[in-house]
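This briefing covers selected local features of one protein chain. The sequence and the model are shown first, and the points follow by topic.

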Amino acid sequence: MMVENVIIFEDDLTESFFPLIYTRSVFELKVGLFSSLERAYLLFPGAKFNLFSREYLKPILSLRYPKYFTNNTNIGLRALIINGRAILHREQVDLLSIEEGKNQVVTSEGNLVFAYLTGELLLDFVKLARQVGFNGPELIQFLRKKTDVRIQHCQTSFIESPWGMIASNGERLTQDFQLLGKGGIFLSKISPQVAMTCEEQIYIGKEVRIDPFVHIDASAGPVYIGDNVTIKSNVVIEGPACIDDHCLILPGYIRKNTSLGEGCRVGGEISESIFLAHSNKQHAGFVGNSYVGEWVNFGALTTTSNLKNNYGEVRLTKGYENVQTGQHFLGSIIADHVKLGIGTLLTTGTIIGIGSSVALSNRFLPKWIPSFAWMTGHGLSSYDLEKFLSMVMATYKRRNKVFGLPERSLMEYVYQLAKSETKNPIS
């Protein structure tokens, strides 16, 4: 199926995803093997992509995706418009029948999944969408009034919250692995001293080094291992799981429903968690049922609690507000550039805002640590901006990454934004 232009948009329901989306759009959040943007690219590889997100993210999105347009209204005569929170798979795409001059909309439980629009209607839709912040119900109402629009309904999953993504990660891993269709393919030479269970459910990319006495167990779900991955001896990986490109896996146990982003370096025990790129947990300690942003560092023996003693529902504290999650297993939600000192103890349902540094061991942290906090045994204070930027620059340098002007400008803006948008006792 040929689609010339794809618009993927961030709608107005972003609040539940903070503090993870200060530095990225909702459609960049990963669940399973992919983000919604990556999943859309797999489904429509020949299309030109146009991204619509918060305006302050435009420079960084343009840097990350130089071949894509960002917040650009010059979108051509026809386009497929995709909700960036929708989890699309083949069955939804199969509903799309592109005919010249035909306009089509697919909804799910009052949410806009995608729309294929042409001509003046496409231009009017984009204009209105930007005015209303891509509010789904308003856009659906606008389209219902058009006589030349065919509206269909289908059951589609959406990402609703970080804890929802954690809970559904195993299912998404299995679906995404099927979308790839690469089970049983090994592009690297594997030692006979590596044990693999259900090889047809395992994919291993190029330039992968797996030392002896590793067990990859895909009996309960697929295991995806990307390119240039190193897995040291005495590691057990239990599917469904994703180990993305350039990861280093040190001795320990990667339990089911875990996704590790590009360049992560991990050891110890990780269970049912999602790590975005370049985060470190190289030492002993347990991380369970958690969502971890980019460039996070876990000190040795840092441990999350993921179950209450009374087995009750986990509630989160965001600022001074309590949030019901409906989850009985939930660890921590940790935003980008958080640094956790040795022996840090994270209580069930902890949220740590972007750019915070914690050096406090031997007792559990509070359940809410605001963005850019500096926490020690002497109390809570605000992380100085210049000191924070120096730390980020040093972190990038350690991984041979460039912390350029777009990244610095983004961090300076987010530093002010996070302090104004959250109920922050230290701002």
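**Asn289 and its surroundings**

Leaving aside neighbours within four places in sequence, Asn289 is in contact with Ile166, Ser271, Glu272, Ser273, Asn306, Phe329, Leu330, Gly331 and Ser332. The model is predicted.

- Asn289 sits in the loop that runs between strand E26 (286-288) and strand E27.
- The relative accessible area of Asn289 is 5%, under the 20% limit, and Asn289 therefore counts as buried.

**The open sheet**

- Ten strands make up an open sheet with parallel pairing, in the order E12-E14-E17-E20-E22-E24-E27-E32-E35-E37.
- At the edges of this sheet are strand E12 (185-186) and strand E37 (368-369), each of which pairs on one side only.
- Helix H6 packs on the sheet and touches strand E14 (202-204), strand E17 (223-225), strand E20 (241-243), E22, E24, strand E27 (291-292) and strand E32 (332-334).
- The direction of H6 makes about 80° with that of E22, and this angle counts as roughly perpendicular because it falls within 65 to 115 degrees.
- Within the sheet, strand E22 (residues 258-260) and strand E24 (residues 274-275) run parallel and are joined by two bridges.
- Leu260 has Phe275 in E24 as its bridge partner.

**Helix H1 against helix H6**

- Helix H1 (residues 36-43) and helix H6 (residues 162-180) have axes that come within 11 Å and cross at roughly 25°.
- H1 is therefore roughly parallel to H6, because angles under 35 degrees are counted that way.
- The crossing in which H1 passes H6 is left-handed.
- From H1, the residues Arg39, Leu42 and Leu43 meet Asp176, Leu179 and Leu180 of H6.
- By class, this contact of H1 with H6 has four nonpolar residues, two charged residues and no polar ones.

**Helix H4 against helix H5**

- The axes of helix H4 (residues 119-131) and helix H5 (residues 136-144) are 10 Å apart, and the two helices pack at an angle of about 150°.
- H4 is therefore roughly antiparallel to H5, because angles over 145 degrees are put in that class.
- H4 passes H5 in a crossing that is right-handed.
- On the H4 side the contact is made by Leu121, Asp124, Phe125, Leu128 and Ala129, and on the H5 side by Leu139, Phe142 and Leu143.
- Seven residues of the contact of H4 with H5 are nonpolar and one is charged, with no polar residue.

**Ala115 in strand E9**

- Ala115 belongs to strand E9 (residues 111-118).
- Ala115 counts as buried because its relative accessibility is 0%.
- Not counting residues up to four places away in sequence, Ala115 touches Ala79, Leu80, Ile81, Gln104 and Val105.
- Ser233 is 118 residues from Ala115 along the chain, and the C-alpha atoms of these two residues are separated by 49 Å.

**The hairpin of E38 and E39**

- Strand E38 (residues 373-376) pairs with strand E39 (residues 379-382) over four bridges, in the antiparallel sense.
- E38 and E39 form a hairpin, and two residues lie between them.
- Opposite Trp374 stands Ser381, in E39.

Conventions:
Residues are numbered from 1 along each chain as its sequence is written. This is a predicted model: local features need pLDDT of at least 70, side-chain atom pairs count only at pLDDT 80 or more; totals for chains, interfaces and linings use all residues. Side-chain values use heavy atoms; hydrogens and water are left out. Two strands pair if DSSP finds at least two bridges between them. Axes are lines fitted to C-alpha atoms, for helices over the stretch in contact, and angles run from 0 to 180 degrees between N-to-C directions. A crossing is left-handed if the near helix is turned anticlockwise from the far one by less than a right angle, and right-handed if clockwise. Contact means heavy atoms within 4.5 Å. Ala, Val, Leu, Ile, Met, Phe, Trp, Tyr, Cys and Pro count as nonpolar, Asp, Glu, Lys and Arg as charged, and the others, Gly among them, as polar. Buried means under 20% relative accessible area, exposed over 50%, partly exposed in between (1.4 Å probe, protein chains only).
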